[in-house]
Amino acid sequence: MDFSFSDENLSVAKLARAFAAKELAPGAAERDRTGEFPLELVKKMGEAGLMGISYPEKWGGLGSDSVSHMLAMEEVSYACAAMGSILGAHYLGSDGVNLFGTDEQKEKYLRPAATGEKLAAFALTEPGAGSDVGAVSTTAVRKGDKYVINGVKHFISNGGVADYLTLCARVGSDGGVRALTAFIADTDRPGFNVGTKEDKMGIRSASTWELVFEDYELPVENRLGEEGQGFKIMMSILDRARVEVGAMAVGMARASLDAAIKYAEERVQFGKPIAAQPVLREMLADMATEIDAA
Ligand SMILES: Cc1cc2nc3c(=O)[nH]c(=O)nc-3n(C[C@H](O)[C@H](O)[C@H](O)COP(=O)(O)OP(=O)(O)OC[C@H]3O[C@@H](n4cnc5c(N)ncnc54)[C@H](O)[C@@H]3O)c2cc1C
């Protein structure tokens, strides 16, 4: 099997690397200190085409493949882990529309996500439902041509600043995952409340939020897929996100290795840079080997 990258993969990676070095790397440490959400940079990332890399050109994306997407995630995360996390959360929020949305939903939600006009988020986790997705307790009750949604989500990346969420709620009284249903939830509707922002140890400018839905109403056309398909939809979205997290980790590991090499070349002990010590060279070589394999 041929694992080499196509010319298109390499050109998307080059675009992402150049953008990230110029726009994202400067100020990354300061943003991490303040924890301020970098909305301006998100807009620029959209203008550069990085928010819809593998979405069809028909819907405003670059129309490239998943390999290009992962290479770009790696480059963004190399420059700034928080921007990688913001971008990853955006794709979590918009991938469902790409995979399962109607043409009307794609026009309204995928196109502006692909161009960076709308930021998306993914709202699955709740205080009582983390690994155990079947324990989701947010309810959506059908009333005529609307659903009325009540419940609390937490740990939602981009949640307090996103324009819309891919939201998972329970319709009907069936237990477990059979009643889970996915929705595209605008954050400017009444009944949507932004709760606590988590005070994290790192990756702080990629903010993580509690979200509270109180008699929040959504029209039926904002349901993603059919009632009861929510588990399948949310898990399909997470399938790609798991690879994305791997790509982000490779980018961060490359940045860590480069920082370690720089320090080892600068730091002098016993009259020479510590990089000259065989034991340190071996450690750096091991790191490089593992990153290359990843
Ligand atoms: C920074 C950050 C950002 C996040 N962003 C989002 C987001 O954008 N959207 C969203 O929906 N969620 C988000 N999450 C939530 C994340 O998906 C959950 O934290 C995750 O699903 C785990 O849930 P939990 O934290 O409740 O841990 P728990 O489910 O309580 O698990 C605690 C520990 O027990 C282990 N465990 C649990 N069940 C089992 C089992 N059956 N067998 C063996 N071990 C088990 C787990 O592996 C873990 O180590 C985010 C979390 C963080 C920390």
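## The ligand and its surroundings

In this predicted model, the ligand is surrounded by nine residues named here in chain order: F122, L124, T125, G130, S131, F155, I156, S157 and T208. Sorted by class, this shell holds four nonpolar residues, five polar residues and no charged ones. Strand 3, which covers residues 146-157, supplies three residues of the shell, the largest share.

The side chain of S131 has an N or O atom 2.6 Å from an oxygen atom of the ligand. A nitrogen atom of the ligand lies 2.8 Å from a backbone N or O atom of F155. S157 also takes part, with a polar side-chain atom 2.8 Å from a nitrogen atom of the ligand. The ligand taken alone exposes 970 Å², and the protein buries 38% of that area.

Are D95 and R240 buried or exposed? D95 has a relative accessible area of 5% and is buried. R240 has a relative accessibility of 15%, and it also counts as buried, because the cut-off for buried is under 20%.

## Salt bridges between sequence neighbours

E107 and R111 form another salt bridge, and their closest N and O atoms are 2.9 Å apart. Where do these two residues sit relative to each other? Both are in helix 6 (residues 103-114), four residues apart, so about one helical turn separates them. E107 is partly exposed, at a relative accessible area of 40%. R111 is partly exposed as well, with a value of 29%.

D199 and R204 also form a salt bridge, in which the closest N and O atoms are 2.8 Å apart. In this pair, D199 is exposed, with a relative accessible area of 69%, while R204 is partly exposed, at 23%. Elsewhere, salt bridges with shared partners join R17, E74, E75 and R254 into one network.

## Aromatic pairs

How many aromatic pairs does a search of the whole structure find? The search finds five. One of them is formed by Y55 and Y91, with 5.7 Å from centre to centre and 70° between the planes, an edge-to-face arrangement. This pair links distant parts of the chain, 36 residues apart: Y55 is in the loop between helix 3 (39-47) and helix 4 (66-79), and Y91 is in helix 5. Y55 is buried, with a relative accessible area of 0%, and Y91, also at 0%, counts as buried.

Y147 and F183 form an aromatic pair that is likewise edge-to-face, with a centre to centre distance of 4.9 Å and 70° between the planes. Y147 is in strand 3 and F183 is in strand 5 (residues 180-186), so this pair ties together parts of the chain that are 36 residues apart in sequence. Both residues of the pair, Y147 and F183, are buried. There is also a cluster of rings, in which ring pairs link F192, F213 and Y216.

## A residue in helix 6

A113 is located in helix 6, the helix that also holds E107 and R111. Is A113 buried or exposed? A113 is buried, with a relative accessible area of 0%. Its C-alpha atom is separated by 21 Å from the C-alpha atom of V220, a residue 107 positions away along the chain.

Definitions and conventions
Residues numbered from 1 in each chain as written. Predicted model: local features only at pLDDT ≥ 70, side-chain atom pairs only at ≥ 80, totals over all residues. Heavy atoms only, no water. Near = heavy atom within 4 Å. Polar contact = N/O pair within 3.5 Å; in protein donor to acceptor, adjacent residues only side chain to side chain. Areas by Shrake-Rupley, 256 points an atom, 1.4 Å probe, with all protein chains shown as cover. Nonpolar A, V, L, I, M, F, W, Y, C, P; charged D, E, K, R; others polar. Buried < 20%, exposed > 50% of the residue type's maximum accessible area, 1.4 Å probe, protein only. Salt bridge = Lys/Arg side-chain N within 4 Å of Asp/Glu carboxyl O. Phe/Tyr/Trp six-rings, centres within 6.5 Å; stacked < 30°, edge-to-face > 60°.
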